[in-house]
Amino acid sequence: MACGEATAVAGDHPINTPLRLVHEVSQISIAGFCGKFKKDCTDLARRVTLLAHLLDEIKDSNTHLGSSSSFSSFNSCFSDLSVALQAAKKLLLAANELDPKIPYDAAVKKINFQFQCVTWKLEKALGSFPYDHFDISEEVQEQVELVRAQLRRATERYGGPVKSNSLSRASSQPLDKEIDLLHSGNSGIGTLHLENIGNIDHEVRSKVGGVPRGSVPNGSACSQIVQDSKRIGNSSQLSEVGDLEISRDNDSPFTSHEESKESNFPVTPTEFLCPISLELMRDPVIVAATGQTYERSYIQQWIDGGHTTCPKTQQQLHNLTLTPNYALRNLISDWCAKNNIEQPTAFANGKIKKSDGSLRYVSGEIGAIEVIVRKLSSRSIEDCRAAVAEIRSLSKRSTDNRILIAEAGAIPVLVKLLTSEDRQIQENAVTAVLNLSIFDDNKGIIMLADAVPSIVQVLRAGSMEARENAAATIFSLSLGDENKILIGASGAIPALIDLLLTGNTRGKKDAASALFNLCIYQRNKGRAVRAGIIPALLKMLTDSSSCMVDEALTVLSVLANHQEAKAAIARASTIPVLIDLLRTGLPRSKENAAAILLSLCKRDPENLACLCRLGAVIPLTELAKSGTERAKRKATSLLEHLRKSQQHSS
């Protein structure tokens with residue numbers, strides 16, 4: 001101990017080891033993951049990488065470790081975290097480099113249990129951390145709480161009810177020792193190779209589906225604001241690990257699934273099947289004209305074949321827009337994980353799985369794309385310019401291309417090109433990143449490549465086209481809850497508000513969409529208010545030449561339940577404008593205006609009184625009779641609040 005204390009006094013802060021491990025995991029993540037555990041590895045690596053902000057703030061803080069007893073206590077916490085991070089690093093390497101000689105089922109069971117142990121150990125280490133002793137920002141504290149919540153959910157998904165005593169015993173074993181025990185003489189299990197970081201294959205072996213061709217035209221990917229969907233994680237079932245014996249008694253969470261999966265094969269929910277192919281969907285999309293959901297490739301083939309009606313309802317397809325159904329996709333992912341069913345996949349072992357289940361070999365295409373990706377790093381501006389333009393074009397065409405481009409390691413290189421002084425290279429790079437981000441697995445790779453600061457830089461100082469596409473990229477990335485926190489803390493919100501004020505129509509729509517998504521996260525609402533979003537939205541509402549009324553109202557509706565935003569909306573004299581919209585707006589505008597007014601006036605006598613003075617009762621009464629269903633509910637509720645307020649005052 002004395003030695004350790006002396007080292008600490010000499011300036012070797014105990015945070016250095018966990019910080020180094022986090023950076024090493026980040027480097028592993030950039031190289032990419034493959035195989036059965038790609039999603040598990042990507043999720044774990046993303047959560048570990050998020051801890052860099054916490055550790056950086058601790059290291060930069062002026063907190064002294066104090067007495068030897070205080071140091072010993074702190075050092076124990078840092079040590080526990082280091083052990084958990086080291087286990088995470090080794091597990092990522094092991095799961096990504098499974099020896100093909102290992103019986104597949106046995107390897108899956110062992111690695112699954114190790115994922116449960118590691119996620120439990122990380123959450124436990126973070127839970128006992130002395131946060132109060134360091135100067136940690138509120139944003140980072142919330143980020144850590146989000147990571148802990150995700151780790152808790154992941155631990156439970158890996159093995160049902162968590163048994164802390166068995167997990168504690170299992171996770172106390174060194175992970176490298178456990179993996180080394182998986183040799184060929186032990187129950188017929190082969191060896192799990194742990195490679196050095198420098199020897200990791202730099203190709204991403206993708207195995208999941210995504211959004212195919214034509215879904216995001218350049219610059220207008222998010223011109224329509226969409227509702228946030230709950231992100232449901234994916235995991236696999238677990239059984240046993242290495243030489244650790246798991247008792248199969250009535251209390252074991254490992255028994256029921258293994259014993260019953262053959263006799264009780266789950267029935268696929270009807271809503272998970274494409275109405276055209278009757279197969280489990282991997283890329284469900286909503287047809288805007290009818291609201292029906294299909295597998296994208298099948299409905300796209302139907303439309304490309306000249307059909308003008310919805311296959312299920314026979315309604316005319318006046319609007320051919322296809323919107324990704326993220327909520328359903330995640331429900332399918334969760335259901336597959338819970339029932340130990342292999343998810344529909346897009347890429348594996350040099351082959352793309354088509355929607356009809358057949359495989360298409362793409363080795364030649366991978367080789368051609370790798371050649372283009374190498375040219376992205378060329379010292380010749382002309383070669384680089386041509387290569388990034390080709391990547392942009394390829395990434396726009398199809399999901400398969402988005403998978404293969406990420407496979408070839410293009411994303412980290414494209415992120416570097418975002419800061420290029422060549423405007424053409426910058427525009428094509430940010431648009432390529434936008435196109436690649438449509439495929440969900442690529443979102444994680446983009447975030448791990450630390451792309452957000454560079455995207456924000458483009459958003460602030462790029463050409464108008466580059467700024468539009470940077471805003472669209474932020475919208476796409478912000479669909480993940482943890483990404484909302486990182487993007488909100490990056491300075492993106494003021495830059496988006498500036499585009500909201502100064503951009504063309506397409507840029508304003510993309511900025512509004514991104515701001516809506518970011519402001520779902522509570523702390524970002526305060527950031528947006530302080531950055532001046534309320535005056536910007538009010539300007540959009542009152543500008544007679546503006547075509548952004550619906551977008552402005554939608555963003556206001558997500559802000560109106562935040563106390564700071566609520567006060568700013570009232571101060572900006574927004575209530576009279578909203579009442580005017582109740583009288584003259586389109587049905588959707590009336591509905592949103594009523595919803596915002598209800599949020600502003602709940603438990604706020606002053607705003608209720610203002611509503612009465614400005615004559616809101618008549619338009620609200622009309623709306624309660626003839627508005628949309630949602631508008632009727634909001635208007636009726638507001639009228640009830642007004643009635644109670646008048647009774648109370650009299």
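Two strands are taken to pair if DSSP finds at least two bridges between them, and helices (H or I, at least four residues) and strands (E, at least two) are DSSP runs numbered from the N terminus. The model is predicted, so that local features need pLDDT of at least 70 and side-chain atom pairs count only at pLDDT 80 or more, whereas totals for chains, interfaces and linings use all residues. Residues are numbered from 1 along each chain as its sequence is written, and side-chain values use heavy atoms, with hydrogens and water left out.

**View 1. The open sheet of three strands.** The strands are arranged in the order S2-S1-S3 with antiparallel pairing. Strand S2 (293–295) and strand S3 (322–324) are the edge strands, each of which pairs on one side only.

**View 2. The pairing of S1 with S3.** Strand S1 (residues 284–287) runs antiparallel to S3 and is joined to it by three bridges. Val 285 has Pro 324 in S3 as its bridge partner.

**View 3. Helix H16.** Because six of the eight residues of helix H16 (residues 410–417) are buried (under 20% relative accessible area, with exposed over 50% and partly exposed in between, for a 1.4 Å probe and protein chains only), the helix is largely enclosed by the rest of the structure. The buried residues of H16 are Ala 410, Ile 411, Val 413, Leu 414, Val 415 and Leu 417.

**View 4. The whole protein chain.** The protein chain contains 32 helices and six strands, and 54% of its 650 residues count as buried. Among its contacts (heavy atoms within 4.5 Å) with a separation of 6 or more, 74% are between residues 24 or more positions apart.
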